[in-house]
Amino acid sequence: MTTFVTDPALRIVEEKVAAGVALSRDDGVAMLSTGDLHTLGRLAQAAKERKSGKNVYYVLNRYINSTNVCYAGCRFCSFAADEFKERDRVVRMPSDEVFAKALETGTNFNQIHIVGGHDPKQLSLDYWLPLMRRFKEALPHVQLSLFTAAELDYMARRHRLGYDELLATLRGAGLDNINGGGAEVFSERFRKLVCPNKVDAAHWLEIHEVAHRHGIASNATMLYGTIETFEERAEHLIMLRESQKRSPGYNAFIPLAFHPDGNELSSHGWTSGLDDIRMFATARLMLDNFDHIKAYWMIQGLKVCQVALQFGADDMDGTHGSTDEERIYHSAGTSSGQYVDDREFRRLIEEAGYVPVRRNSTYETFPHDWVPSSSAVPA
Ligand code: SF4
């Protein structure tokens, strides 16, 4: 079959990929700015199929933001609330409420995903260890996907613990997976301007690498669409690739598109569909040691995420529960709903030419109609 490559830079990418050579920063910039979307899509789709064949994954999960109290002051954030000045916006769930919320729509799910702010009254081992043990006892079939590296850094400093000790303790209480947030863009320039009070890149990476050594899996993200350059995006991906080499354990990379409502960076507006698609494909091709690229419907929307399945993505993330209330992206203006029925995931995946596969956080797979045994159901 004759294929037409109109961007010579993508010919170089194609040759390197065929030879198994890791892509460079310049290759990343070329892909992020190319007009030759057909070639980019073809290369990314082939890379995806070498990793996961015709499979596209999803998880039945519950999603909870247990607190939005935070004083880190990241400039892209619309979610954080000041407990003294914005009392009507504050969400701070007691642990009983988090537990009840997770079970509100039954027990047929495989993951609980919880992230929140750096809340001095909630982000502590005293709050989390009993709650994690309670979840594990009541729902042994459910994996705990909790915290970001930013939250873990806060908790380590608060308890004066090293990362090793903290993560060993959390693993002992049942932590299965660390969420990928808090990475933003690793560039020092970016962090200084946008999120100076958050864990820096070296410590973000160290936390994930230590977690992997304790048998805790993780994901990684990048927040794109504000002041970062294409060079900084490509460098971010290379730093993740190097981290995976040093301490394997990342399952998925999730590109997070900036949402502009209600934050200090709103003048940057929304990312475009083309930028989103190039981002998925570039990530797939550069992260040759990551098994999965996630198109998270909450962020880019179901329609773009379905297209992303032909540009390197092989995962549509979680259904959420029908009563879940995601607050991070909803505070920032997402028009995605709160919940997607898994039948809709399967329809969209099949229409894109792929096979829907139900999974948990660590990519163990289940028949789509799997249900937990009655012994797993709490009284
Ligand atoms: S992004 Fe996270 S750490 Fe930063 S202000 Fe918002 S809640 Fe706090």
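**Ground rules**

I number residues from 1 along each chain as its sequence is written, and side-chain values use heavy atoms, with hydrogens and water left out. As the model is predicted, local features need pLDDT of at least 70 and side-chain atom pairs count only at pLDDT 80 or more, while totals for chains, interfaces and linings use all residues.

**Entry 1**

For burial I used under 20% relative accessible area as buried, over 50% as exposed and in between as partly exposed, with a 1.4 Å probe and protein chains only. This core has 114 residues, and F135, F147, W204, L240 and F253 have the most contacts inside it. Its largest share, eight residues, comes from helix α5 (residues 125-138). My helices (H or I, at least four residues) and strands (E, at least two) are DSSP runs, numbered from the N terminus.

Next I asked which residues F135 is in contact with, leaving aside neighbours within four places in sequence. Taking contact as heavy atoms within 4.5 Å, I found V98, F99, A102, I112, I114, P140 and L144 around F135.

Most residues other than glycine have a negative phi. I noted F147, which has a positive phi of about 70 degrees although it is not a glycine. F147 sits in the loop between β4 (143-146) and α6, and it counts as buried because its relative accessibility is 1%. Y363 also went on my list, with a positive phi of about 65 degrees although it is not a glycine. I found Y363 in the loop between β10 (355-359) and β11 (365-366), and at 13% relative accessibility Y363 counts as buried.

**Entry 2: the pocket**

On a 1 Å grid over the protein atoms alone, I took a pocket as an open set of points with protein on both sides within 12 Å along at least five of seven lines, and a cavity as a set of points where a 1.4 Å probe fits but cannot get out; lining residues have an atom within 4 Å of a point. Grid points are joined across faces, edges and corners, and a volume is the space filled by probe spheres set on the points.

The largest pocket holds about 860 Å³ of space. It has 47 lining residues, and F76, G181, G182, E184 and I328 lie nearest its centre. Among the elements that give two or more residues to this lining are β3 (111-114), α6 (149-159) and β7 (250-257). For the classes, Ala, Val, Leu, Ile, Met, Phe, Trp, Tyr, Cys and Pro count as nonpolar, Asp, Glu, Lys and Arg as charged, and the others, Gly among them, as polar. The pocket lining splits into 21 nonpolar, 18 polar and eight charged residues.

**Entry 3: the cavity**

How many cavities of 30 Å³ or more are there? I counted one. About 40 Å³ of space lies in the largest cavity, and its lining includes S66, T67, I114, W128 and E151. By class I get four nonpolar, five polar and one charged.

E228 is in the loop between β6 and α10 (230-246), and at 9% relative accessibility it counts as buried. What does its side chain reach? I found the backbone nitrogen of T226 at 2.9 Å, and a polar contact of 2.9 Å joins the side chains of E228 and R233.

N263 lies in the loop between β7 and α11 (273-286) and is buried at 10% relative accessibility. Its side chain reaches the backbone oxygen of H259 at 3.0 Å, and a polar atom of that side chain lies 3.0 Å from the backbone nitrogen of L265. Not counting residues up to four places away in sequence, N263 touches R75, F76, C77, S78 and F258.

Terms used: Core = buried A, V, L, I, M, F, W, Y, C linked by side-chain atoms within 4.5 Å. Polar contact = N/O pair within 3.5 Å; in protein donor to acceptor, adjacent residues only side chain to side chain.
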